[in-house]
Amino acid sequence: MAERALCECDCAVLAMAAVTSFSETENIFLRERILTKKVPRIMVVLTKLDLVNEKERERVIKYVKNRLDSLGTDIPLYLSAEGMASGWEASSGPEAIKNQILAWLHESDHMLRKEERAYLMVQDIALDMEMIYTSQLEILMEKEEEKKKAVQKKKRQFLQGSQVEWDKLEVEMLNRCNRNFSWIDEMVRERQQDVIEKLQIELSHVGNPKEWWEKDYPYRIKMEMISLGNTLESNLQNFYVRDVNWLNQHIRENYGEAVPPQNQRIADKDIFRSPNSPENIELEDMKRTRIISRIGTGVATAAGYMVFGMLGLSPVGMAIGIGGGIVSEIFMNKRVDVQKEKLSQLISNELPGVLGTCVETVEKNIQKIYVDTIHTMRDASSKWLKMKCNAIESAEKISDIPQEEKKLREKLDTIQQMKGR
């Protein structure tokens with residue numbers, strides 16, 4: 001509900017609890033649900049500072065302020081209550097928050113936005129009324145019976161032609177949807193290869209593949225998936241808005257209608273943030289094995305030193321122990337390399353499947369959005385055609401009343417004057 005409301009807002013106030021300031025959930029909501037909606041005015045209000053130790057409050061406020069600054073946007077920070085921190089008197093309490101919102105309300109660009117919104121609403125109504133009155137006048141101009149028949153024929157041709165035009169628009173929207181699929185496939189293939197190479201290089205530098213596979217790898221995959229999801233969401237939303245704007249420009253110019261964009265996520269966070277558990281494979285804990293090996297080598301070195309020392313050959317005993325350690329280390333490195341090679345191949349095989357499942361869901365979502373938009377367009381076309389037919393029928397009924405033509409012309413003049421403003 002909040003996300004839907006943000007599409008119509010030009011100001012957002014995000015309350016953030018100081019006890020859990022700038023949690024991951026708040027960070028994601030601010031970045032993905034508010035900033036991506038291009039809300040022109042955003043305010044963060046820090047609440048529950050009274051639950052934070054007085055000595056820690058300044059640190060918490062500074063932390064939140066730094067995080068906001070790092071976003072690269074001018075988002076002001078306010079404190080929900082007064083007297084919580086020195087130096088913040090001008091930005092503390094409900095009165096200060098209200099004054100900032102009131103200041104925003106009276107800014108010229110906000111007033112212009114309100115006027116534009118009202119103007120667009122009037123324009124929509126004016127376009128509908130103009131179409132009705134124009135259609136009625138066209139019929140009233142046809143006084144003779146033969147001309148009326150010609151109008152009826154023209155009406156049928158008009159309806160058929162309009163239907164063909166709407167069909168063309170539907171096909172073009174589907175083609176635009178398919179172009180999104182091509183972009184997704186190309187982008188994901190490139191990203192997939194980059195991620196595989198990045199993970200394989202990281203794997204090549206670890207000393208204990210088992211620990212990396214079980215602890216680091218799931219987190220690394222999760223972060224890469226989040227990054228991919230954000231990229232897809234941002235770009236696909238922009239593509240969709242571009243296509244809806246194209247559609248609306250066409251149908252508004254020709255039919256005086258508009259299609260509202262579908263407000264839903266395409267690359268939903270649950271698709272890319274689902275827990276990803278690595279394949280359960282048997283791996284040797286090389287850290288533990290190395291410790292055991294070094295203990296064994298140390299014991300062998302000590303024993304060799306004692307035995308050969310009794311024979312007066314201490315250096316020989318030491319050499320045997322050191323040589324055994326070197327051989328053991330070479331053997332360990334080979335076993336590590338075998339595990340790395342096995343995991344590297346597994347990454348190459350596993351990642352395409354993981355990304356493929358996510359991409360499939362994203363493609364279903366984008367297809368659904370475009371299909372829903374087409375259905376909405378169909379509803380708008382039905383409404384327009386019905387209005388056009390009603391106008392023709394109404395004009396036919398009053399064609400013998402001279403005063404009606406005059407009234408219609410006066411109404412049409414009024415509508416056109418409104419549009420001219």
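## Sheet, pocket and cavity in a predicted model

The largest share of the lining of the largest cavity, 4 residues, is supplied by H7, where helices (H or I, at least four residues) and strands (E, at least two) are DSSP runs numbered from the N terminus. This is a predicted model, in which local features need pLDDT of at least 70 and side-chain atom pairs count only at pLDDT 80 or more, while totals for chains, interfaces and linings use all residues. Residues are numbered from 1 along each chain as its sequence is written, and side-chain values use heavy atoms, with hydrogens and water left out.

That cavity has a volume of about 50 Å³, and a search of the whole structure finds 2 cavities of 30 Å³ or more. On a 1 Å grid over the protein atoms alone, a cavity is a set of points where a 1.4 Å probe fits but cannot get out, and a pocket is an open set with protein on both sides within 12 Å along at least five of seven lines; lining residues have an atom within 4 Å of a point. Grid points are joined across faces, edges and corners, and a volume is the space filled by probe spheres set on the points. Arg191, Val195, Ile221, Glu224, Met225, Leu228, Leu351 and Leu355 line the largest cavity, with helix H6 (145-204), H7 and helix H10 (314-397) each giving at least two of the lining residues.

H7 also gives the most to the lining of the largest pocket, with 13 residues, and this pocket holds about 1800 Å³ of space. Among its 48 lining residues, Cys7, Glu8, Lys37, Val241 and Pro261 are the closest to its centre.

Elsewhere, 3 strands form an open sheet in the order S1-S2-S3 with parallel pairing, two strands being paired if DSSP finds at least two bridges between them. Strand S1 (12-17) and strand S3 (77-79) stand at the edges, each with a single partner strand, so one side of each is left without a neighbour in the sheet. S1 is joined to strand S2 (residues 42-47) by 6 bridges; Ala12 stands opposite Ile42 in S2, and Met16 has Leu46 as its bridge partner there. Helix H4 (residues 94-105) lies across S1, S2 and S3 and runs at about 175° to S2, where axes are lines fitted to C-alpha atoms, for helices over the stretch in contact (heavy atoms within 4.5 Å), and angles run from 0 to 180 degrees between N-to-C directions.
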